[in-house]
Amino acid sequence: MFEHLISIMIFVPIIAGLVTFVLPLSREAARIVGLAVSVVVVLLGLKLFLSFSGASGSFEFVEYAPINESLGIAYSLGVDGISILVLSAAALLFPMVYLLFQTKAKGYYANLLIVQGAMIGAVAATDMVLFYVFWEVMLLPVFFMIGLYGGPNRLPATIKITIYTIAGSLLMLASIIYLGISYHAQSGEWSFAMTNFSEMSLTGSTATLAFVGFMIAFAIKIPLFPFHTWLPDAYTEAPTATTFVLSAVMAKIGVYGVIRFVVPVFDESFARYALILACSGVIGMMYCGIAALAQKDFKRMLAFSSASHMGIIALGIFCMNIQALTGTLYQIVAHATSTGVLFLLLGIIEERTESRNIDDFGGLAAKAPVFAFFFAVAMLASVGLPGTSGFIGEFLIILGAVKFNPIIAVFAGTTLIIGVCYMLWLFQRVFFEKPSSKLADFSDLSAIEILTILPIVILIVVMGIYPQPFIAKIEPSAERQMAVIQKVQQIADNRIEPLKPGQELKTGDL
Amino acid sequence: MHDFMAILPLVATGAGAILVMLAAAFESFKKEGISILGIGLFAFAFFVQLTVESGAPITPYGSVFNGMLVTSTFTKGAGLIILACGFFSAIASQTYFTQNEGFVLEYYCMMLFAACGMLLMTMAAELITVFIALEIMSLAIYTLIASDRRSVLRSEAVLKYLMLGAFAGAFFVMGSVFIYAGAKSTKFADIGQVVAETGFLTNPALVGGSLLILVAFLFKAAAFPFHAWVVDVYDGAPVPVTGFMATAVKTAVFAVFANFLVINGQLQEGWVNYLFYISVLTMFVGNLIAIGQNSLKRMLAASGIVHTGYLIIALVAVNSEGFTGSTIIFYLAAYAASTLGIFAALSYLGGEGEKRNSFEDFNGLAKVRPYSAACIAIFLLSMAGIPPTAGFMGKFYIIAGAFQGGYISLGVLGIFSSILSMWYYLRLIIAMYFREPEEDFEVAEMTLAPLGTFVLALSVFAISFIPVVI
């Protein structure tokens, strides 16, 4: 059974989701199906995480079955140190949604199931065409979740996110096909396997265009400045559980895509444009951070805050050194847990008070001390207080940034202070100050809610105090990746010439 | 004997058509009986085509009937698609005419005759045969469009199509004459030989003749700049006939087009620049027309123009060496399944007298008829090229073929065109799912068309697994 562990983790939720769609279940039954499946996935995910050794730095739990042999397209899956933490985040966080939000429609739970399966598939796929398929399938449930169950202005937000993402994905599709053709031209064989692509050497203007195609697709998903404009609307209008999925997991898959696909394949183009990309990451951080300061809507503020933090996670890749890369991989999970918990707690407030206006709140800490405590832990992790998970990752990234370019590091570090400003100010306005009448009958978290969130809060603290078990899993793979990075670095410093010219294809007559 | 085996499907459809005609002469045969007969005959012809042995991948000079016809896996695939289109259109028609006026007993007879002409067209390897096939097909289609001759809308549509189609036919004959003057033969293989020996541009008769033939093909395939008739004619035809035209006619035309180009490798090289621009313009003009439409039939007609553009990409990248045509067949199959599916769904959801036809009429369909809406959404996603549907794999193969042939800019423009086309495909999905229903979508009691829609929705996924060689 366990040799097909990842496949089971992908297809059990997807099939359960489709069955839920088709069968005339009640919403409560749909929720229980969703909860049961997500708990199964959690158990399988734990099994995967614990039996994953990570020592070799290569793929484990490999599955392979050809789909189209003449073109070398295969159903191939695998996990290594780069994907293990993203995969765990996608596997572990979902039961909370079913436990905390009990009043959604049947179709909503079905969509949640499908999106989880697709996300696990996208992270585990080692064939580019397979990755693309999961990547697109991931979008459809989001489209329906926002469009059907979102806030009052959901339609423009849905169209915005859909057009943005599809445009990006189709450009990536062109780039994937280009890579396949180039591999065929260089080696004489057809393949779309990631490992084969990373052995190719690509130079020339067409390769740069393919790099841009990939980068735009991932930049939209992360989102990286200037492709972030869909984010505030989509995050705000989406139902909170969807916002949670988008920010905690889906955005991370964008970052993961850059590390997994862009850096090894387009090493030269990446090195050449790393500085520009790093700048865009820093600009996005500052811009979204300042925008977060000015928000009156609780959810919109968290949306901007999340975007700002994604900027620093992305920056970690563009710095091109081992510290920053490890920091990014670590921060992916740290941010998923902390932002995830923040959005979930916000969802609880929203459900109980039917308001998201920060001015409506005040004095919550006295009313609901447990709630306030959980919020405080997640918030402190989000701003990177030492002793929480957020500190390790952000520290490593800033350390790497100093090595990469001190000016960028200075700006990035300054922006972290903005993050502290808006978060603490938010905390003060919502939890202290004079009690608001809106919160008159706000009761503290119930036992189930406490038990749901507590494991994640414990995880935040454990990851902050004792990061070693996690780092040990990711380090060998990160070091393998560093071999690539060193090459990139050398190309960037012009110490070695690029190996041989890549496959240039004649362009059409336009 | 082999020659006869090759045309068995032709015989089956032709004889079937005559059988239906004879049956229609008896008053006792009612609408239901004749519908079942028509559907059954299409199914029978499909199995005949399926069992017929076909030659190896296309052999330019291998021939049947002394070089008049050519059979290969390519023609067999095209034949299967055409007969499947006929089958599902017949199913849709049965349901359509339970709630619409204008049924004549010869309806299925004309459908079978049209399919017969199309099958002949896919196999034709000689210009006069192509012309005969073209006319058999076109005359039957004209009749199908105007089967309800009291309707002004139908008459207008058929008049437009007939006038322009007659022009296209005349162009084709003129082109054949020129080519005969230049190459002393009407066989594709002989023309190819002459072109290879003396060159394409040195012979004015060949240049002029092939240009006229190109015009005729582009007209029938609804490519820019001969696309203007499509929207009005498709809009005026009965829904199942529109579906049949949009899929089967396109398959037949592209099959003969590809055969013609592959056998005349030099001709393809001479045309490739024009085809390049034609495909780009076809895609973008089709998109612009489709974005402006408010009627579903007109939108689907315009999106058919866009798909013609993608298919021309495949023709641009056609390689005479080792041509299998599987990319084209795959795309046609994927496109046919999703287009027929939508038209089958429209046949029963359209209601009496096709009263539901605009985007607004389908507001909130998902809340009233969730399964129909889900099927339509699958068809739309397939047409838009979203995985894991067949439409995605079709686009993947077409673009991979274009890149492989070195036409990177063409592939990328195809991608941009897909992004544009999301606009109108998503618009229908948004209308169906995100808007509130204004009515309860009551339709007459029926079984066949919904069943056909469901089967097509499944096949949209199943087609993805057909292996393809680029």
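What share of the contacts in chain B with a separation of 6 or more is accounted for by residues 24 or more positions apart? The share is 80%, where a contact means that the C-beta atoms of two residues, placed from the backbone, lie within 7 Å.

## Basis

This is a predicted model, in which local features need pLDDT of at least 70, side-chain atom pairs count only at pLDDT 80 or more, and totals for chains, interfaces and linings use all residues. Residues are numbered from 1 along each chain as its sequence is written, while chains are lettered from A in the order in which they are written.

## Chain B

Chain B has 19 helices and 0 strands (DSSP runs numbered from the N terminus: H or I of at least four residues for helices, E of at least two for strands). With a radius of gyration of 21 Å, close to the 23 Å from the globule rule for 470 residues, chain B is as compact as a globular protein of that length. The radius is taken over C-alpha atoms, and the rule is 2.2 Å times the number of residues to the power 0.38.

Along the principal axes, the C-alpha atoms of chain B fill a box of roughly 65 × 55 × 40 Å.

## Contact between the chains

Chain A gives 30 residues to the contact and chain B gives 29. On the side of chain A that touches chain B, helices H6 (128-149) and H7 (154-187) of chain A each supply at least two residues. H7(A) has the largest share, 13 residues.

## Confidence in chain A

Over residues 498-510 of chain A, pLDDT stays under 50.

Conventions. pLDDT is the predictor's confidence in each residue, from 0 to 100.
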